[in-house]
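Subject: Structure handover

Hi,

Please load it first, then read my notes below.

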Amino acid sequence: MSDHEDKHEESLLEKISEKVKGHDLSSSSSDSDDDKPSESSMKAKVFRLFGRERPVHDVFGGGKQADIFLWRNKKISAGALGVATVIWVLFELLEYHLLTLVCHLLILALALLFLWSNAATFIHKSPPRIPEVQIPKDPVLDFAQALRFEINRGFAVLRDIASGRDLKKFLSVIAGLWVLSIVGSWCNFLTLFYIVFVLLHTLPVLYEKYEDKVDPLTEKAWHEIKKQYAVFDAKVLSKIPKRPLKEKEKEKKKD
């Protein structure tokens with residue numbers, strides 16, 4: 001009887017120890033599950049260029065324009081870059097004028113179609129089918145409305161800057177315009193447009209490929225810029241007298 005009782009007690013102890021181990025395993029697994037969100041949150045806090053939280057493709061709109069800039073379709077991207085290069089070579093290097101180029105292209109196209117249409121009767125072939133070209137109404141109106149909205153928003157931003165409410169924004173806009181004026185003195189508008197077009201077709205795809213290496217470097221640079229701005233703010237901006245808050249509130253009420 002005593003041996004039977006000892007065996008029964010040992011089995012009970014084994015069951016209790018198994019339950020305790022199972023509880024410890026479940027608690028440890030729950031702790032590890034609780035740690036997972038923290039790890040994901042740490043990953044979410046990784047510094048990204050311009051503070052973006054979406055992929056580069058979504059930043060560019062996620063449509064066909066993003067596919068072109070990021071070379072998802074290499075033929076279209078190469079074609080767009082090639083056409084821009086040809087236009088820049090014609091107008092900048094060969095010094096072609098826009099009106100002259102358009103007239104020459106129209107002369108060539110009309111002459112070829114006219115000769116083909118008249119020669120078709122002699123060579124017993126069908127004349128060329130010239131499509132009827134019409135500009136659709138809705139896309140033009142949508143583009144005009146979008147352009148109007150952007151222009152009005154630009155005017156509102158300029159008005160807000162000129163009102164003297166935000167010194168930081170005022171200085172950043174002045175610095176940007178000054179840099180743009182220097183760049184404009186180096187090259188004309190067409191060359192500047194071509195440079196921007198080439199950069200849009202090269203920098204985003206390179207950044208998407210090497211973003212894990214670029215983001216830490218930009219984070220260090222951004223912290224250094226903030227540090228220098230804090231010094232500039234303490235030595236210069238903080239000493240500039242500001243308008244009273246009552247005047248600002250009155251202007252806001254007028255707006």
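An unreviewed UniProt entry lists residues 76–91, 97–116 and 170–200 under "transmembrane region". Keep in mind that the model is predicted.

I looked at two of those spans. Residues 76–91 are 100% helix and 0% strand. The end C-alpha atoms of that span lie 23 Å apart. Residues 170–200 come out at 94% helix and 0% strand. Here the end C-alpha atoms are 27 Å apart.

Next, charged pairs. Side chains of opposite charge can pair when their charged atoms come close. With a cut-off of 4 Å between side-chain nitrogen and carboxyl oxygen, the count is four salt bridges.

- Arg72 and Glu208 meet at 2.9 Å, N to O. Arg72 sits in the loop between α3 (64–69) and α4 (74–93), and Glu208 in helix α8 (residues 189–209), so the pair ties together parts that are 136 residues apart in sequence. Arg72 is partly exposed at 44% relative accessibility. Glu208 is partly exposed too, at 25%.
- Arg153 pairs with Glu150, with the closest N and O atoms 2.8 Å apart. Both residues lie in helix α6 (residues 137–162), three residues apart, or about one turn of the helix. Arg153 is partly exposed at 46%. Glu150 is partly exposed at 40%.
- Asp160 pairs with Lys169, with the closest N and O atoms 3.6 Å apart. Asp160 is partly exposed, with a relative accessible area of 23%. Lys169 is partly exposed at 34%.

Best wishes

Notes:
Residues numbered from 1 in each chain as written. Predicted model: local features only at pLDDT ≥ 70, side-chain atom pairs only at ≥ 80, totals over all residues. Heavy atoms only, no water. UniProt positions renumbered as here; feature names shortened; annotations may be inferred. Helix = DSSP H or I, 4+ residues; strand = E, 2+ residues; numbered from the N terminus. Buried < 20%, exposed > 50% of the residue type's maximum accessible area, 1.4 Å probe, protein only.
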